[in-house]
Number of protein chains: 6
Amino acid sequence: MPISARNKLTGKVMSIETGMITAKVQLDVGGQKLTSIVSKDAVNELGLKEGDSVDALIKATSVMLMN
Amino acid sequence: MPISARNKLTGKVMSIETGMITAKVQLDVGGQKLTSIVSKDAVNELGLKEGDSVDALIKATSVMLMN
Amino acid sequence: MPISARNKLTGKVMSIETGMITAKVQLDVGGQKLTSIVSKDAVNELGLKEGDSVDALIKATSVMLMN
Amino acid sequence: MPISARNKLTGKVMSIETGMITAKVQLDVGGQKLTSIVSKDAVNELGLKEGDSVDALIKATSVMLMN
Amino acid sequence: MPISARNKLTGKVMSIETGMITAKVQLDVGGQKLTSIVSKDAVNELGLKEGDSVDALIKATSVMLMN
Amino acid sequence: MPISARNKLTGKVMSIETGMITAKVQLDVGGQKLTSIVSKDAVNELGLKEGDSVDALIKATSVMLMN
């Protein structure tokens, strides 16, 4: 993957909820729900809609651990 | 989950690499590799070792989308 | 604390302001004001309301320094 | 405060540990320990040393909540 | 720069769009567009308006690389 | 740009400094210095070296404002 962010999970858009500045996109990633909050502009520019296949990209430093 | 971070993925520790301040922890999450960089202190305090079950916690605003 | 995030500050909820996707929660932490922006869903799921005791959790890499 | 980051906590440097790229700075903020990981360059450029008074700066979106 | 964040880019405010909790501020930085999402409170407290000169501050760990 | 991160700045790699887990990459972006800290693995996988053209990718929520 030609990007420094270490994690890419492929999923499917389950729902999109749009606010004034941000938007919430729910993905199904291998049966698990993954929630993303991005800018409303990004949702529009990517042309995202329910059912689309999309990659979730997550920096390694954004992954906390808990046990 | 009693925490505001919206995403929790349960995985298994595959490897731990320790630097002077930070550490890299590789997880297997349902067959996919997930890489986390946390502080070395966190790895020690959580007592993480290979084979342990651990939760990855990710804020919704840390999940970017790409298509 | 069984989580990699290094900082936990215990406070009391002073106010909650809810937007469409995100929410602002103001805490009193030992007499100092601490402002948090989380998803609206998180506020609902945690059942937060004014006067509640709550922990603020902050990753070490999110703490900048200034002098 | 003329910066968009919403939280400023004034503290005192208790310890500094330096790695090759990053550094860990422990602060005492009103009797509570606060841990920061910044770049080694930042520690050098700010001229930080034990006993110094310093401000910790934290964005509102970096403050998670837990109950 | 007396702050640990490593990157400061000077720009001019081109537009401000305000939501309920957050706001989007578009800057012109040397002819390139730079988009910032901060809290609505920050925009108000900084008194930002179109045409203002402003600095964008970005932590080194927030800069991803792609080729 | 088919990614939700709102900011892409094209630059040239000026220097790379490698630690055990992380690495510091300095870019020249239109005459301004931009510093990035990414994982050492990312630098290796992208095959970055001095003189390379590279894009810096920055989320809108990672751009703070100061005046």
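Two strands pair if DSSP finds at least two bridges between them. In this predicted model, β1(A) and β2(A) meet that condition, as six bridges join them and they run antiparallel.

An open sheet of five strands has the order β3(A)-β2(A)-β1(A)-β4(A)-β5(B), and the pairing in it is antiparallel. The sheet therefore takes strands from both chains, given that two strands count as paired when DSSP finds at least two bridges between them. Its edge strands are β3 of chain A and β5 (64-66) of chain B, each of which pairs on one side only. From one strand to the next, the twist averages 45 degrees. In a regular strand, side chains alternate between the two faces of the sheet.

Chain B can be followed next. Its strand β1 (residues 7-18) pairs with β4(B) in the antiparallel sense, over six bridges. Within that pairing, K8(B) has L57(B) of β4(B) as its bridge partner. β1(B) is also joined by six bridges to strand β2 (residues 22-29) of chain B, again running antiparallel. There the bridge partner of K12(B) is D28(B), in β2(B).

Three bridges join β5(A) to β4 (residues 53-58) of chain B, and the two strands run antiparallel. L65(A) has A56(B), in β4(B), as its bridge partner.

What remains is the interface as a whole. In it, 32 residues of chain A are in contact with 32 residues of chain B. The size of an interface is often given as the accessible area lost when the parts come together. Chain A and chain B bury about 3000 Å² between them, with 64% of it on carbon and sulfur atoms. The count of salt bridges between the two chains is zero, while 12 residue pairs are in polar contact, both residues being at pLDDT 80 or more.

On the side of chain A that touches chain B, the elements giving two or more residues are β1 (7-18), β2 (22-29), β3 (32-39), β4 (53-58) and β5 (64-66) of chain A. The largest share, seven residues, comes from β3(A). By class, this side of chain A has 18 nonpolar, nine polar and five charged residues.

Key
Residues numbered from 1 in each chain as written. Chains lettered and ligands numbered in written order. Predicted model: local features only at pLDDT ≥ 70, side-chain atom pairs only at ≥ 80, totals over all residues. Heavy atoms only, no water. Contact = heavy atoms within 4.5 Å. Buried area = accessible area lost by both parts, 1.4 Å probe. Salt bridge = Lys/Arg side-chain N within 4 Å of Asp/Glu carboxyl O. Polar contact = N/O pair within 3.5 Å; in protein donor to acceptor, adjacent residues only side chain to side chain. Helix = DSSP H or I, 4+ residues; strand = E, 2+ residues; numbered from the N terminus. Nonpolar A, V, L, I, M, F, W, Y, C, P; charged D, E, K, R; others polar. Axes fitted to C-alpha atoms, helices over the stretch in contact; angles between N-to-C directions.
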